[in-house]
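I opened the notebook to record what I looked up in this structure, going through the ligand surroundings, a helix contact and a pocket in turn.

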Amino acid sequence: MTNKKITKKDIAKLLSQWSREFTVFVPSMESGVAAMARWDGKDAGFLDWYRNTIVSPKSIVFPDLEEMFSFQKDKEGYHIELPASDEHKQLIFGIRPCDARALNILDAPFKDAYEDPYYLPKRRNTVLVGLGCTKPCDSCFCTSLGISPSESTDVDIMLTDIGNQFLIEPVSEAGKELIDTTSRVEEATETDEARAKEVKEASYHKVTRKIDTEDIKKKLLPNFDNQNYWEKIAAKCVSCGICTFLCPTCYCFDINDELVKGQGARFRSWDSCAFPIYTKMPMENPREEKWRRVRQKVNHKYGFHPMNFDIIACTGCGRCIRLCPVNWDITQALNSLPAKV
Ligand code: SF4
Ligand code: SF4
């Protein structure tokens, strides 16, 4: 199948068509916070302001708060009711390549290591329509993690901005099938393809922040017990947890029960290794000092996760740099790992 194209003014009609089959999520702004939210059926005005969302699209497959089951307590004990199976089809329009890769990274703990019954149905039923970045932020460093801002093998369909139109590339079988049944798309010409190639190359070179993952691999574990280094690196962190909540690859969660007059539910909610009260295992958080928690965050992403799953749990999306209230910067931390311990 050759590539297709669509004019930008037809995007709302495209979303409207897809809305008949899917719950469609698009970049949306509420109270100044950009997140993927259900399309309101009106227009595609987000194309004017969208660079990336503040809240990552992981929240669609791994919500910040999710009911695991409800229960009733009576004289005979507890009666448990599981939530209805979540098999409805959904589509995320405009996901960036870094965030699409993040979902693949989340598959490791939620699909490969353990089959999570809450995550998997949502993930399986989610079609990803990627939109290439043409204006990466200063904080982005995706290219250092082997990700292109404008190309992706982690999506079903990839769009590239070629002026008044988007080039449409089907990536997966599901993407091909969807394009086959979508109206308002036309065949792309050689000129469109050439323009898309230029746009992709230009975007790639706009990502100027870099880290050297091979160098980090050599230095990270030997510095694990380098307390001086981690104390220095952790000094300005205020343990707010924003970086981990907004990180598209962080997946720690807490579990709590709520019980009122014999009825209740068990919920899971995002948690953060940055919090002093995180992992209160049988007694206390084993990482009481802040430097240990910062060390854990960095080592989990760049050391332990690749050891377990063969992939670094960071996409270089830069959210943790852009949104940290004290300008803590993971690239500075990684780039300043001492060579000699
Ligand atoms: S967002 Fe910044 S201050 Fe907050 S926990 Fe992360 S690094 Fe620390
Ligand atoms: S660690 Fe920071 S740059 Fe890496 S994926 Fe998470 S938020 Fe993005």
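I began with ligand 1 in this predicted model, and found 13 residues around ligand 1, of which C237, V238, C240, C243 and C324 come nearest. Sorting that shell by class, I noted 10 nonpolar residues, two polar and one charged.

I then turned to ligand 2 and listed what surrounds it, namely F141, C247, P248, K301, C314, T315, G316, C317, G318, R319 and C320. By class, the shell around ligand 2 comes out as six nonpolar, three polar and two charged residues.

Next I looked up how helix 8, residues 227–234, meets helix 10, residues 290–309, and the two pack with their axes 8 Å apart at an angle of about 90°. On the helix 8 side the contact is made by Q227, W230, E231, I233 and A234, while helix 10 contributes K290, W291, V294, R295, V298 and N299. I classed the residues of this contact as six nonpolar, two polar and three charged.

Last I checked the largest pocket, which holds about 260 Å³ of space. Which residues lie nearest its centre? I wrote down L47, Y50, R96, T134 and D161, out of the 14 residues that line the largest pocket. The lining divides into six nonpolar, two polar and six charged residues.

Note on methods. Residues are numbered from 1 along each chain as its sequence is written. Chains are lettered from A and ligands numbered from 1 in the order in which they are written. This is a predicted model: local features need pLDDT of at least 70, side-chain atom pairs count only at pLDDT 80 or more; totals for chains, interfaces and linings use all residues. Side-chain values use heavy atoms; hydrogens and water are left out. On a 1 Å grid over the protein atoms alone, a cavity is a set of points where a 1.4 Å probe fits but cannot get out, and a pocket is an open set with protein on both sides within 12 Å along at least five of seven lines; lining residues have an atom within 4 Å of a point. Grid points are joined across faces, edges and corners, and a volume is the space filled by probe spheres set on the points. Ala, Val, Leu, Ile, Met, Phe, Trp, Tyr, Cys and Pro count as nonpolar, Asp, Glu, Lys and Arg as charged, and the others, Gly among them, as polar. Axes are lines fitted to C-alpha atoms, for helices over the stretch in contact, and angles run from 0 to 180 degrees between N-to-C directions. Helices (H or I, at least four residues) and strands (E, at least two) are DSSP runs, numbered from the N terminus. Contact means heavy atoms within 4.5 Å. A residue is near a molecule or strand if one of its heavy atoms lies within 4 Å of it.
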